[in-house]
Amino acid sequence: MGKYRKRKQIAGVIAAMLIALCLVGCEGINRDTKIVLTTGFTKDEVFRIETASCYKKEVMVYLTNLQNQYEQVYGMEIWQQGQGGVTIEQSVKESVLAEIAQIKTMNLMADKYGLTLSDAEQESVEAAAEVYFDSLTDAERDQLDVTLDTIRQLYREYALADKVYDYIIKDINPEISDDEARTVTLQQIFVRTETKDRAGNITPYTEQQKSYAYATAVEALRRVEAGEDFDVVASRYNEAEESTISVRKGDMAAACEEAAFELGNEEVSDVIETEEGYYILKCISTLNREETDVNKVKIVEERRKEAFSKEYDSFVRTLTRHMNEELWQEITLLHDSEITTSSFFEVFSEYYRK
C-alpha cells in the first residue's frame, strides 16, 4: 500500500509539472511564428526571448527530473512508447521547452509590472535551492553541469512566474451561484448510433441500424414506465460505461442538458436524441451539494485562467523569439543509472512560501 501511494504521489507530480503553467492555455515557443537561428547564440544557449535566455543546463534539470519521475512510475520501457509517430521522449522534451519558455516570458512580464520577490520569498527560494543542490551526487552535478547558483536561478524564476500569475488574477474572485454551478446526479440508459475504432475514427450507423437503436431505447423506456427498476433496465440496455453520473452545465449535449436540468427528483425523461445516440435520464438529485461546491471552485479557476491567458497572449505577441534548433535537436535524455534525481519540483513546492 505504501508503494502504491508513492506511485500515485509521483504520478501527481508529473501531471502537475506538465500542466502547472501550461493549463492557462498560453503559448511558449510558438513553432509557427518563431524566428529560427542556428548562429548568433552564446555557448549552450537553447533559445532567447527578448533579453531572457535559456541554457542547456536549465533544460537538463527539468528534463532529467521529469524523466526519472516517469521511470519511477512507468519503468524504463516508457521511452519505447509513442503515438502518431511522436515518441514519449519527444513529447516530454516539448513539454519542458514550453514550460521553461513560459516561465522566462512571465519573468519578462514581472519587469513590466515591477514585481520582485520579497525577502521572505527569496529566503524560501534559497532554502529550496540548497536542499535540492545538496541532494545531487557529484555525478549528477557533473552530468547536469549545474552549480548552486544554477538551481537558485531556476527556483527564483519559477517563484517569480508564480507571483506574476497571482498578480494578474488577483481580482478574479467572482461569486458563483448555486444555479450557475449546479451539478445534478443522474442515472442513464444510452443506446449508441455510431461506432468508434481504436484510432478514434467514428462511423455513423446506417438508417436501418439507427431505427433499431431507437426502437431499443423506446423499449427500455416503456419498461421503466411500466414500473421496472431503472437499474435493472439499465443493466440490460445501457451501452455507456457508467449508469450513474454527475453532470454540470456544459458536460452533455444540449438536448440532454436541457432535459437533465428540468427533471425533478425521481423523474424520468423521454428518449433524447443526440448525434452519438439515444439517452433516457432519471434524476437522482437536482442538486448534488458536494459536486456543486467543487464545480464552483472549477468555474472560478477557469475564469482566472482565461483572464491570465488573455494578458499573457497579448504580451507574447510583442516579443521577438529565437530558437537554436541545432542544439535543441542534440539534447537527449540521460540514460545513466547514476543519474536518479527527481525531486526538483517537489522541493520547490515544499519550501517555497509566498
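Visitor: How do the residues lining the second largest pocket divide into nonpolar, polar and charged?

Guide: In this predicted model, the lining divides into five nonpolar, two polar and seven charged residues, where Ala, Val, Leu, Ile, Met, Phe, Trp, Tyr, Cys and Pro count as nonpolar, Asp, Glu, Lys and Arg as charged, and the others, Gly among them, as polar. A pocket is an open set of points on a 1 Å grid over the protein atoms alone, where a 1.4 Å probe fits, with protein on both sides within 12 Å along at least five of seven lines, and lining residues have an atom within 4 Å of a point. Of the 14 lining residues, K56, M60, Q143, L144 and D145 lie nearest the centre of the pocket, while α2 (56-74) and α5 (138-144) each supply at least two residues of the lining. Helices (H or I, at least four residues) and strands (E, at least two) are DSSP runs, numbered from the N terminus.

Visitor: At what angle do the axes of α3 and α11 cross?

Guide: Two packed helices are described by the angle between their axes and the distance between the axes. The axes of α3 (residues 88-113) and α11 (residues 289-316) come within 11 Å and cross at roughly 90 degrees, which makes α3 roughly perpendicular to α11 (65 to 115 degrees). Axes are lines fitted to C-alpha atoms, for helices over the stretch in contact, with angles from 0 to 180 degrees between N-to-C directions. In the contact (heavy atoms within 4.5 Å), the residues of α3, including M106 and Y113, meet F308, E311, Y312, F315 and V316 of α11.

Visitor: What is the strand order in the open sheet of four strands?

Guide: The order is β9-β6-β11-β10, with antiparallel pairing, and two strands pair if DSSP finds at least two bridges between them. β9 (244-248) and β10 (272-273) stand at the edges with a single partner strand each, so one side of each is left without a neighbour in the sheet. β10 pairs with β11 (residues 277-285) over two bridges, and E273 has Y278 in β11 as its bridge partner. α11 lies across β6 and β9, running at about 40 degrees to β9.

Visitor: How many residues lie between β2 and β3 in their hairpin?

Guide: Two residues lie between these strands, and E50 in the turn has a positive phi of about 55 degrees. β2 (residues 45-49) and β3 (residues 52-55) pair in the antiparallel sense over four bridges, with R48 opposite S53.

Visitor: Which conventions apply to the numbering and the atoms?

Guide: Residues are numbered from 1 along each chain as its sequence is written, and side-chain values use heavy atoms, with hydrogens and water left out. Because the model is predicted, local features need pLDDT of at least 70 and side-chain atom pairs count only at pLDDT 80 or more, whereas totals for chains, interfaces and linings use all residues.

Technical notes
Parallel < 35°, antiparallel > 145°, perpendicular 65-115°, else oblique.
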